[in-house]
Amino acid sequence: MRFSEFALTTLKEVPAEAEIVSHKLMLRAGLIRRLSSGLFTWMPLGLRVLRIVESVVREEMDRAGALELLMPTVQPAELWQESGRWEQYGPLLLRMQDRHDREYCFGPTHEEVITDVARRELRSYKQLPVNYYQIQTKFRDEIRPRFGVMRSREFIMKDAYSFDLDQEGLQQSYDRMHAAYTAIFKRLGLKFRVVDADSGEIGGSRSQEFHVLADSGEDAIAYCDADHYASNIETAATFPSAGERSAATQELEKFATPGVKAISDLCAMLDITPAQTVKTLIVDGTDGPVALILRGDHELNAVKAQKLEGVASPLTMADTGTIIKALGAEPGSLGPVGMALPTYVDHAVASMADFSCGANENGYHYKGVNFGRDLPDPETFDLRNVVTGDPTPGGTGTLSIARGIEVGHIFQLGSKYSEAMKATVQAPDGTNRVMEMGCYGIGITRIVGAAIEQNHDDNGIIWPGPLAPFNVVIVPINMHRSDEVREASEALYAELTDAGLEVLLDDRDARPGVKFADAELIGIPHRVVIGDRGLSKGEFEYRHRRDTESRDLKREEVLKLLKDLPIS
């Protein structure tokens, strides 16, 4: 491809709308252009990368035995009503009506449609197992689209759905998808982790997420390499302390705290750390408000809390009026001593001694609070997010926390949809049996953004080799004024192209600095500079995008280096 024919427009300035690195660089490098909030046009350069991702995903899905189909993007409401998700999915679902006032939605996912396909097409256990997949556009009406393609409203996804006769078959299908996903992200040259996760709105008994590691990732991952453990922070478990609680050394004291509403205010007043305080959160319960008690420096885990018996789901904080009516005090002055509500105490709180907390009276707190004396020894629960240093479930290591970008998710759905929609096959004993389902998604467009978040520097994108839109960029210096430079550049371009490499020849009549800046911005892995000075010595200037220095190589050395590149 010749740069002069590629119609690529790069930007020097960072667009005002861009928030994170991938969004900024994708706009500056001309990969995407914004149409509207959360809607983007994929320009030719970006589409080349997108098609690479699609190709790798398709090859590995086919290798795993999955069958590609293509389902409608617009789905009839009755399927979603049949599964019970028409109302449950909420405002993320873009709803519409046709001219006959029939209701439809623009599919954010396709569990209902594929289950309808399966119940029509599959009749006998002899047709199982089967795994259907598609690569297709989805739409989710995000309340606040942001971060470019990382959280857009319209996106491209690979979604697959397996059907098996029993749990044993489902596990085998799930394991095949786990292996296929692992192969996909390895082939794309990305650093990633597989973590246990919550199934969320999709449902099901087990799920795992595939995260590309990046400092800008929205998700926190708890991991321990020594214990071979990794989990999304939403599902990483905490445990009761194995040691004994320290003995009380202070007397209980109630004292005035005018204007103290936050843990930080209390710590400043008493010259203590948040780990020496307890915070009380009041949430809606199934039969009135309930109290959640955590250490002051710990963060409530909503996913865990809303699964507790007696706690409303989704987790909702009680309003101030409800709290005052139940306890006679406002948030900021609440505590477990004399708590008149059903109470759930986090594991970590039970090991505390001589701690401070609210006194359930506006403008007053306690210090020197101890279990067994000032309040009963509690039954404890797992209420919080794990932190660095927490023990692993195996007990042989401690956790570290990293940031990740979710790019894939695999679920064991079980019979959640097949039972609701009566998707059955005839079993070997002649009875009709509800099929066991799995669901497997990969964010095709998100992978592109995640790869950039993981691979960039101050000058632009640094594509992993397998994802690069071009393998090599040839940068001639003054080729429009030098026949030798033009001929050498054209000859190298032809030879590398014939060898199967994707080559971009920067044939623009532009200053070298402009060409170098664009080459670094768009992130092509290999750069060859051809100029009169080098040609006089029979040399080209070669530089890998990750290198800080260039090398002068003979033409034959450059050819050998580039021709030996793996061609996907």
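Is H228 buried or exposed, and what is its relative accessible area?

Analyst: The model is predicted: local features need pLDDT of at least 70 and side-chain atom pairs count only at pLDDT 80 or more, while totals for chains, interfaces and linings use all residues. Residues are numbered from 1 along each chain as its sequence is written, and side-chain values use heavy atoms, with hydrogens and water left out.

H228 is exposed, at a relative accessible area of 75% (exposed means over 50%, buried under 20% and partly exposed in between, with a 1.4 Å probe and protein chains only). The residue sits in the loop between strand 11 (219–224) and strand 12 (229–232); helices (H or I, at least four residues) and strands (E, at least two) are DSSP runs numbered from the N terminus. Its phi is near 50 degrees, which is positive although H228 is not a glycine.

F147 is another non-glycine residue with positive phi, near 65 degrees. This residue counts as buried, with 18% relative accessibility. The loop that holds F147 runs between strand 7 and strand 8 (154–164).

The peptide bond joining L128 and P129 is cis, with omega about 0 degrees. A further cis peptide bond runs from S313 to P314, where omega is near 5 degrees. P314 belongs to the loop between helix 9 (302–305) and helix 10 (320–327).
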